[in-house]
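Thanks for coming, everyone; I would like to walk through one structure today, beginning with a sheet and then moving on to the domains and the chain contacts.

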Amino acid sequence: MTKKYDAIIIGAGVIGSPIAYELCKMGYKTLNVDKLPDAGEGSTAGSCAIVRAHYSTADGVAMAYEGFKYWLDWENYLDHAEDEKGLAKYMNTGSLLLKSEGHDWKKVQANYDEVGVKYEEWDNETIKAKVPPIDLHKFWPVRRPEDPAFYDEPTEMLEGGIFCAEGGYVNDPALSAHNIMRAAEAKGGTFMFNAEVVEIRSENGKVLGITLKDGTQIDAPVVVNAGGPHSFKITKMAEGVWEGCNIKTKALRHEVMHCPSPDGYDYLNDGYHMSDGDIGCYVRPEVGNMFLIGSEDPDCDPQEWVDPDEFYAGKGGHGKDNQLTDEQWKAQCYRLGKRIPELKVPNQSKGVCDLYDCSDDWIPVYDKTDLGGFYLAVGTSGNQYKNAPVVGRMMAELIDACEKGLDHDNEPFQFTYKYTGRTMDVGFFSRKREINYNSSFSVNG
Amino acid sequence: MDMKIYVCVKHVPDSAANIAVKDGNTIDDKISFLLNPYDEHAVTEAAALKKHLGRGEVIAISLGTEDVEKTLRSAMAMGADRSILVKTDRQRDSIFTARALKAAIDQDGSPAIIFTGRESIDMEGMQTMFRLGAAFGFPVASNVIKFTPEKNSATVESQTEGGGKNIYHLSMPCVLGVGRGINTPSYPTFPDVVKARKKEVKTIDVKDLNITPSPSSMSVISLEPFAQERRAREITGTPAEQVQTLVNILRNEAKVLN
């Protein structure tokens with residue numbers, strides 16, 4: 001017998017799980033299906049789970065700022081649902097954005113002012129007092145270690161930074177998705193794992209449900225694509241949807257490095273999350289007094305667009321598979337080694353190689369589609385982890401409004417943030433938008 | 001003349017890479033290669049000896065293709081003053097390797113001591129250090145976890161299988177194959193990397209060393225990747241039951257408990 005739900009969410013990561021949770025709270029009977037064995041085990045697990053407010057658009061800043069409130073109040077957000085694995089923890093380190101040519105920090109500052117984000121401006125002396133091992137020379141432009149100019153002596157200094165006391169990271173991103181799954185289950189949601197979707201069934205312009213690899217058919221009038229790096233494959237399964245998207249998504253390979261903090265510097269307890277466009281890196285502390293070093297995708301670095309199934313199967317070869325490369329290890333660690341000259345860089349790389357579900361303008365698509373009942377929560381581009389609980393609420397309200405007859409394409413849904421009270425025009429995330437050139441076109445969003 | 005401290009290093013595949021076999025008997029070199037992890041300890045110990053003595057020169061030496069320069073740069077970033085690349089175009093056995101290293105060292109200077117790693121993680125042959133010692137007529141100690149230099153001699157502790165320890169007294173010069181316990185590798189900072197870029201890599205073609213061919217040799221006929229089967233299993237029950245199940249697995253399946 002074909003099972004029936006009110007809504008099927010494809011994906012049980014940090015985006016799919018909160019959509020289910022919020023729909024459950026609104027009375028929907030939901031099912032999340034995921035090809036992996038548990039919630040958050042896909043690209044969510046590889047996320048740096050950074051929670052920071054600086055985005056290149058005011059809407060981006062506002063959403064991130066709203067997201068803080070959820071992370072700060074995690075147990076209440078979960079409605080005290082129990083998780084046998086324990087709860088993920090938000091670690092508030094504070095977040096420092098260095099003023100550099102690599103970031104449009106003036107725009108970020110204006111966005112902070114517009115949204116009401118509290119921040120301080122720090123000069124170089126203040127930064128040096130707060131981060132003793134830092135070297136505040138200007139190293140711009142970002143280069144690769146293969147380029148001899150990478151080793152040029154810097155002559156100029158940076159000009160301080162912008163510090164937000166509210167900012168940090170979540171210590172276990174996979175666990176956070178698992179927590180939300182348990183919260184959704186407590187409200188009646190169902191999760192199915194090791195289940196791969198192979199077909200989105202539809203008729204007369206309306207979605208009917210999904211078919212799994214083993215042939216199982218499950219029906220629902222609402223199907224949501226929250227498939228992370230696999231999202232573009234799922235979008236293509238739904239009749240007419242891919243063609244109706246002006247903004248498309250694809251999977252981008254990304255490496256994040258773990259390098260030990262210098263002796264004598266307790267980065268884990270004393271350090272900040274830092275965004276450093278001058279060297280094209282962002283960093284946050286990690287257990288073991290490590291620097292976790294992510295790349296802000298400088299133009300000189302290769303971009304590898306990959307097939308997610310091949311990638312996770314370890315295929316594709318050097319620089320395309322799911323292994324770190326020596327070249328990128330050196331690029332990211334040596335870049336940070338300029339900023340933190342005492343940083344010791346081991347010869348063997350350590351870190352995480354995973355995928356971004358990346359949109360054409362690095363801003364996500366949270367939208368309905370040209371197929372009735374089929375929705376998209378895709379293109380999270382490595383920068384939406386922090387927003388996930390807000391996205392869950394926003395998507396649930398969008399879906400509910402559309403199912404009740406809203407013509408979202410012509411009269412975009414207006415979403416009111418629960419904590420900051422700001423109203424968001426969800427049309428900002430439309431699949432039909434033109435490329436947003438206000439975007440940073442990077443993980444910074 | 002200044003005291004010369006040689007460190008023999010090897011360019012090996014990154015153990016974390018997806019290792020593929022090429023032509024049935026070689027590791028595909030399209031993956032990341034790096035300084036053999038045991039050799040990191042050897043370089044660190046050599047640099048520490050120089051610091052302890054307040055004099056001397058640390059010279060890293062390796063036999064391999066042009067790519068090996070990358071590994072020699074790593075060794076120099078970790079403290080070697082300069083390096084020698086003995087260039088060959090193909091895989092060599094430990095008989096040839098030891099002869100080539102000896103010839104290159106002889107051409108360069110007179111060793112006060114030679115450090116190596118206790119083994120290379122790719123071949124794990126553990127032969128080169130002994131062959132090198134024999135060629136020079138030097139004593140050799142392997143898996144050295146403590147090194148105390150004395151005047152014209154050294155006392156070393158070697159770890160044996162099963163956790164035992166042998167203490168040796170060696171005349172100098174000697175060859176020491178160091179183990180992981182000897183030190184914490186001194187990884188380079190970015191300023192160290194910058195300095196290493198300016199250090200000398202002397203390249204010698206192995207053909208120019210006029211090495212006497214050995215009547216004996218060894219070659220790899222076949223190389224097969226070892227595919228380890230990994231299966232996750234959930235252990236359920238009360239905490240006491242879970243512990244009992246785990247102990248049973250460790251005792252009866254993994255056989256790591258008696």
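**A sheet, the domains and an interface**

In chain A, four strands form an open sheet with mixed pairing, in the order β1-β13-β12-β11, where strands (E, at least two residues) and helices (H or I, at least four) are DSSP runs numbered from the N terminus, and two strands pair if DSSP finds at least two bridges between them. Its edge strands, each pairing on one side only, are β1 (3-4) and β11 (197-203) of chain A. This is a predicted model, in which local features need pLDDT of at least 70 and side-chain atom pairs count only at pLDDT 80 or more, while totals for chains, interfaces and linings use all residues. Residues are numbered from 1 along each chain as its sequence is written, with chains lettered from A and ligands numbered from 1 in the order in which they are written.

Turning to domains, whose bounds come from an automatic or database domain assignment, chain A has domain 1 (3-86 + 172-249 + 360-429) and domain 2 (92-166 + 251-356), with C-alpha centres 29 Å apart. Between them, 19 residues of domain 1 of chain A are in contact with 26 residues of domain 2 of chain A, contact requiring that the C-beta atoms, placed from the backbone, lie within 7 Å. Helix α2 (residues 58-72) of chain A gives the most to the domain 1 side, with five residues.

Finally, 19 residues of chain A are in contact with 19 residues of chain B.

Technical notes. Contact = placed C-beta atoms within 7 Å.
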